[in-house]
Amino acid sequence: MLKSPSHIIHRLFFPVLMAGLMLFTGCSTTRRLGQDDILYTGLKGVDIESPEGKQFPAGVKASLTKAVSVKPNNALTASLRYPFPLGLWVYNNFPNPPKGLKHWIYEKLVEEPVLVSDVRPEVRTHMLDELLDNNGYFSGISSYELVQKKNKKKASIRYTVRTGKPYLIDSIRLLPDTTFLNHLIDSVASGSRYFRIGSRYSTDSLAALRVDIANLVRNRGFYYFRPEFITYLADSVMNPGSIAMHLDLADNIHPWALDRFRTGKITTVINRNRGGGTPDTLDTRKGRLIVYRPARLRPNLIPSCIAFREGRVFSVQQMNLTQTRLSRLGIFNNINIEVAPDTTDLSRRLLDVYIDCTFDRPLEASIEANVASKSNSYLGPGITLGVTNHNIFGGGEQLNVSLTGSYEWQTGSGRNSAFNSYEAGLNATLAFPRLLAPRFVPRSRRDINWTRINLGVDILNRPHYFRMSQFNTGIAYDWRSSKYISNTFTLFKLTYTKLQRTTEVFDSIMNANPAIALSFMDQFIPQMSYGMVYDRAMDRNNTINVQMTLQQAGNIFWSIYEACGKKGQKSLFGTPFSQFVKGYAQVVYGRRLGGGNIWLVNRLAAGAAYAYGNSSQVPYSEQFYAGGANSVRAFTVRSIGPGSYRAPADQVNGYFDQTGTFIFLANSELRFPILGPLEGAVFLDAGNVWTLRDEPSRPGGQLKGSTFLKDLATGTGVGLRVNISMLVIRGDLGIGIHAPYKTSRGGYYNMESFGKSLAFHLAIGYPF
């Protein structure tokens, strides 16, 4: 009997793996070391010994550990190694001819041994002592020891740090409050949490205070002031064991750093993308504007982005804000802002501002692609083509037209036609860099506000079941309410869905499932929604992203009809309109591990939609679905749920998209660099969709607390990513662990076979 390739691979996998393990573990990794050389095998630990009752700061401990964290051979981190030292094995056992294939293999695989002498632990103990001094532990002392086992040619290193008592600040002397500059400096210093009596002495904290002082005074007109102009005198002799601090100005400070400047002349030059042109000079309320013609530019656009005002106190923050506003217009490829003192009258202390901008090419094309492939020969590629004009009316208005398409087919299914379905859409969005709203509507003046008007049409065709069209239009506002929070308010969105064609099979299924049939009915969906995104890097090791969306449909129209005395089913242009509320929230938290570029990123997401009033079912287009490249990656999109429900086996691929009115997702992904732009990932996904109402036609689909955990589809997997600047190309191989529906196998791991539990996804960008 002829065996399949997958069967042969499965039979040979473990023997080959065991042979490889014996080969690697049996080869020496120290054979070529010198007589006095010792192979470094990693950091054994950093033991902190503090005085009794004294808690050692976690941040200082992390700095000490980082100073001695030297990676050994075949290392993931300084203390964690993978088991196969391939590079060392090649170095010790593989010949290196001067040329040829063997030389090329040797150079690609070899890894020279990291020796204890390379780590230089005696030097690193001095580094630890210096870090202790910089953090107020002047009586601290460090040491190290080699930790060796049977093989004396290998050793890890353990460091011991005896901290002693920290030196605390017991007195502070500020600058005399005789000038406005001194007053500003003293106000920052006295309000700092680093510079208080009783706080521990720390050079890093004092350096941070220098930066805080410089930032404040530079925003108050002292443009030439720098952090290094602040000095500290720390006296530990006056009161042994404590620090007396004296804040002062540097002796070599430049006279201009002590002067307060105001904004002088403002000159803005707008260059053509190809250079050349005829200069056209305009005097505006924000200075002189020079535009090289021909150029499409509204006269009031540039002044609206300039934060400077002639004669007002100069602020670096105004410079940064101007740069940000001009950049967010999206019409320039180069923006340069320079300042220079006005030398015509030095007594006035003016800074002239020169802004130089160069137009970008107005048209930009984009392409996005993704492919989902499952081991059962189910394929689903998609593509989006877009063209954007970044300055269509000369005021930074952006017109984007995108064409999306995706199709799915199944090979080997026994059907005459392998083509299963397709989806296509044409969407246009016109964005204005301002709020097209009445003046009394609150808006931010610090950032650019956007108004977006969209118009689109989508067609979903499943030849064996139905063809559906969807038309939509709307107007939305985008603005930033703070540095980390962006908002989107959709004032009005109108969607119209229509079933254009159905088959007898689909009609019979809908007749047997009235709840599903209602979600496919022809209807208008008038909506209003609000979305918020909080995105922040809390420090270099922690990031957080929070997204929330709340939308409602039909309430305004329903209220108008009710006020007019209309009872029962209500219609718009003769077609019923939908009425529901929908919410979705997502939290993504990233944590850097080991001080390198290894990140553990976690996502938790949940959403719900509920129909009422004029509707008994949430429209099909507004329901949730699970599976796919950005969800539970061990399953293809819309292949799980709702709950434990599974379509009958005689209905290939299901007769409708498996959607629900409640969704829950939990994902965890370890991302790590491999080589250059190539990155790797290991992930664990869980999630599903449910219905909030009981639907007899889909048993097991309703959300219930008693079956919630069992209904979660889970999967793991590995991925490769190519990170090229702003573009990330991602390939993920998902491996199913638990299917929420009944299979031929019992227990938590209930996948029918390993081969059928695999799903490969090719996509653009990170999954979350």
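Mentor: Let's start with terms: helices (H or I, at least four residues) and strands (E, at least two) are DSSP runs, numbered from the N terminus. This is a predicted model, where local features need pLDDT of at least 70, side-chain atom pairs count only at pLDDT 80 or more, and totals for chains, interfaces and linings use all residues. Residues are numbered from 1 along each chain as its sequence is written, and side-chain values use heavy atoms, with hydrogens and water left out.

Trainee: Is Arg361 buried or exposed?

Mentor: Arg361 sits in the loop between strand S11 (350-359) and strand S12 (363-374). Buried means under 20% relative accessible area, exposed over 50%, and partly exposed in between (1.4 Å probe, protein chains only). With a relative accessible area of 62%, Arg361 is therefore exposed.

Trainee: Which residues does Arg361 touch, not counting residues up to four places away in sequence?

Mentor: Contact means heavy atoms within 4.5 Å. By that rule, and with residues up to four places away in sequence not counted, Arg361 touches Asn273 and His390.

Trainee: Is Asn182 buried or exposed?

Mentor: Asn182 belongs to helix H7 (residues 180-190). Leaving aside neighbours within four places in sequence, Asn182 is in contact with Leu175, Pro176 and Leu249. Its relative accessibility is 9%, so Asn182 counts as buried.

Trainee: How many aromatic pairs does a search of the whole structure find?

Mentor: Rings of Phe, Tyr and Trp (its six-membered ring) pair if their centres lie within 6.5 Å; planes under 30 degrees apart count as stacked, over 60 as edge-to-face and the rest as tilted. Searching the whole structure on that basis gives 28 aromatic pairs.

Trainee: How many residues apart in sequence are the parts that Phe466 and Phe520 tie together?

Mentor: Phe466 and Phe520 form an edge-to-face pair, 5.2 Å centre to centre with 70 degrees between the planes. Phe466 lies in strand S17 (residues 466-480) and Phe520 in the loop between helix H12 (514-519) and strand S19 (523-539), so the parts tied together are apart in sequence by 54 residues.

Trainee: What kind of aromatic pair do Trp690 and Phe708 form?

Mentor: The centres of Trp690 and Phe708 are 5.1 Å apart, and there are 20 degrees between the planes. That makes the pair stacked.

Trainee: The charged end of Arg633 sits over the ring of which residue?

Mentor: A charge sits over a ring if NZ of Lys or CZ of Arg is within 6 Å of the ring centre and within 35 degrees of the ring normal. For Arg633, the charged end is 3.8 Å from the centre of the ring of Phe683.
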